[in-house]
Amino acid sequence: MEKPNLFKDSIMPVGVILLTVLVIWYVSAVFLNAPFERDTAARAGTEITFSEILPKTMFQQRPVLPAPHQVIAEIWNTTVLMPITSKRSLVYHAWITLSATLLGFGIGTVLGILLAVGIVHNRAMDRSLMPWVIASQTIPILAIAPMIIVVLNAVGISGLLPKALISTYLSFFPIVVGMVKGLRAPEQIQLDLMHTYYASPSQTFWKLRWPSSMPYLFASLKVAIAISLVGAIVGELPTGAVSGLGARLLAGSYYGQTVQIWSALFMAAALAATLVIIVGLAHTAVLKRMGMKP
Amino acid sequence: MNYGLLFGAIAFWLAAWATNEWLVRRKFRTPSANGVVRLAVPLLFGVSILVLWEGLVRGLHVPSVLLPPPSMIWTRLINSVPTLWADFQQTFLKAVITGYALGCGLGFLVAIAIDRSPFLQKGLLPLGNFVSALPVIGVAPIMVMWFGFDWQSKVAVVVIMTFFPMLVNTVSGLAAASAMERDLMHTYAASWFQTLVKLRLPAAWPFIFNALKINSTLALIGAIVAEFFGTPIVGMGFRISTEVGRMNVDMVWAEIAVAAVAGSAFYGIVALIERAVTFWHPSVRNARTA
């Protein structure tokens, strides 16, 4: 068997694809932004050659497709060069979104685990609740998001909690489904062994069911944290674009600030990647402590 | 406060719960009775939730702006069928179906195209997995800017959202056939195309249908959320956001009910096709015998 080579098998192919994407991006930026320059030139009554258009398409104020370096410059300007407390700082907006995401994710995880424990231990709950939990995944929950926000606003609850509730709602279902599967993962033979040890139900739970559900829990947590970020971003849309990454997206689309949209998008992507990686690291650490191979 | 309604609803809920407890503990002799119980238990639970909702809202006099009772939502639904149908046509029939077909089709074709190049697979798979975890929904404002307010921009959002799950699942599905089975095809002197059609695609169906099921939900979410960023004056997402603004919460709930039924039906149809196509798979066989 050939030893897997990190460079040859992962870094190089991914790098080449990323480079291709970058090249395609630059080329399409030129072609998508060129008509605007031609129009400006035609209105001024001058002819413009392609070699004159080319540099101009790289530095438009409101390009159809901003060039990558414009996005990077915008991100640099709004994160490093801007004080964190400023309303124009992307770090500030990312923090608003992140706090809602984490709060919602936390509540969703606890609720999901509790419900899964109930479903595993009570047959009536299993039979009556489980079909609805599965059916509810097919419903576009995000459609309810603006209503939850506006209605809770009307009662006087605003700010972090409504957004967090949407994240909770979204992150809760993958966790229930994953945990039910995980808590049922021990085989009959293992349950019988616990029975011969005269283990109480709570001992069976903590010493057998809970440890064996960990891989399933972490797989669901990865899905859940990604989806609760989506929930927080969508939850920020109908609040009238005050703060948060979703608000940046909406404000950018109202005022045609494409560079701002793209930089908010990249920030959201970086946030999602970081969160998923953190959950992945926790996964490896927990499984290692439990003596399991990840 | 109307205590009669309140306690009536709670009593009904408790009675339904007790009936369910009794039903799941009883053993029925005939398989058909077991089937009926299997269906009746969740149905009874659903009905009891609706009754509880109605009773609590009416009994506690919750303002209908906050949470309208189910009966009010139902009346609204019946009375505004033309509007709901127009929204359904705009969002579901035009944006979701087109985008879903295009996105899944493209994902499938690209997966087949890169099948013969391990290099491209190694490059695209980690990226595809990565993109699947991203809040792709954020491209909605950009797509609205590029493709205009009408359904074309929603199709674009749906295509982007559904493409990557399909790509990743198809590629891993095509790798699912074991080396032994492949060797057998090789001894038959089967060409790459024959191996693909007769062995590897059938082995990949469970993975592909998994992606199709995930995408059926994603597509509806994508289309509805994309409408928050700009749309002509029709569409489910548009209706939800404007009626919320006008505090017509019953209309919003009616629209959500339509979205829920459409989403579940879409998922159900895909699941039914899956059962027909992957009849050999253990998960389907077990469900049939159990």
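**Figure 1. Residues that meet where helices α9(A) and α10(A) pack in the predicted model.** Ile233(A), Val234(A), Gly235(A) and Glu236(A) of α9(A) meet Leu245(A), Gly246(A) and Ala247(A) of α10(A). Helix α9 of chain A covers residues 201–236, and helix α10 of chain A covers residues 245–255. Two packed helices are described by the distance between their axes and by the angle between those axes. Here the axes come within 7 Å and cross at roughly 50 degrees. An angle of 65 to 115 degrees would count as roughly perpendicular and one under 35 degrees as roughly parallel; α9(A) is therefore oblique to α10(A). The crossing of α9(A) and α10(A) is right-handed.

**Figure 2. The bend in helix α9 of chain B.** This helix spans residues 192–226 and has 35 residues. Its end C-alpha atoms are only 41 Å apart, short of the 51 Å that a straight helix would reach at 1.5 Å a residue. At Leu201(B), α9(B) bends by about 45 degrees. A proline, Pro202(B), follows within four residues.

**Figure 3. The contact between chain A and chain B.** Chain A gives 46 residues to this contact, and chain B gives 47 residues. On the side of chain A that touches chain B, the elements giving two or more residues are α1 (6–44), α5 (123–137), α6 (145–155), α9, α10 and α11 (258–289) of chain A. The largest share of that side, nine residues, comes from α5(A).

**Figure 4. The two domains of chain B.** Domain 1 of chain B comprises 3–62, and domain 2 comprises 76–289. The C-alpha centres of domain 1 and domain 2 of chain B lie 34 Å apart.

Terms used
Residues numbered from 1 in each chain as written. Chains lettered and ligands numbered in written order. Predicted model: local features only at pLDDT ≥ 70, side-chain atom pairs only at ≥ 80, totals over all residues. Domains from an automatic or database assignment. Expected span 1.5 Å × (residues − 1). Bend = angle between axes of the 7 residues up to and from the residue. Axes fitted to C-alpha atoms, helices over the stretch in contact; angles between N-to-C directions. Parallel < 35°, antiparallel > 145°, perpendicular 65-115°, else oblique. Left-handed = near helix turned anticlockwise from the far one by under 90°. Contact = placed C-beta atoms within 7 Å.
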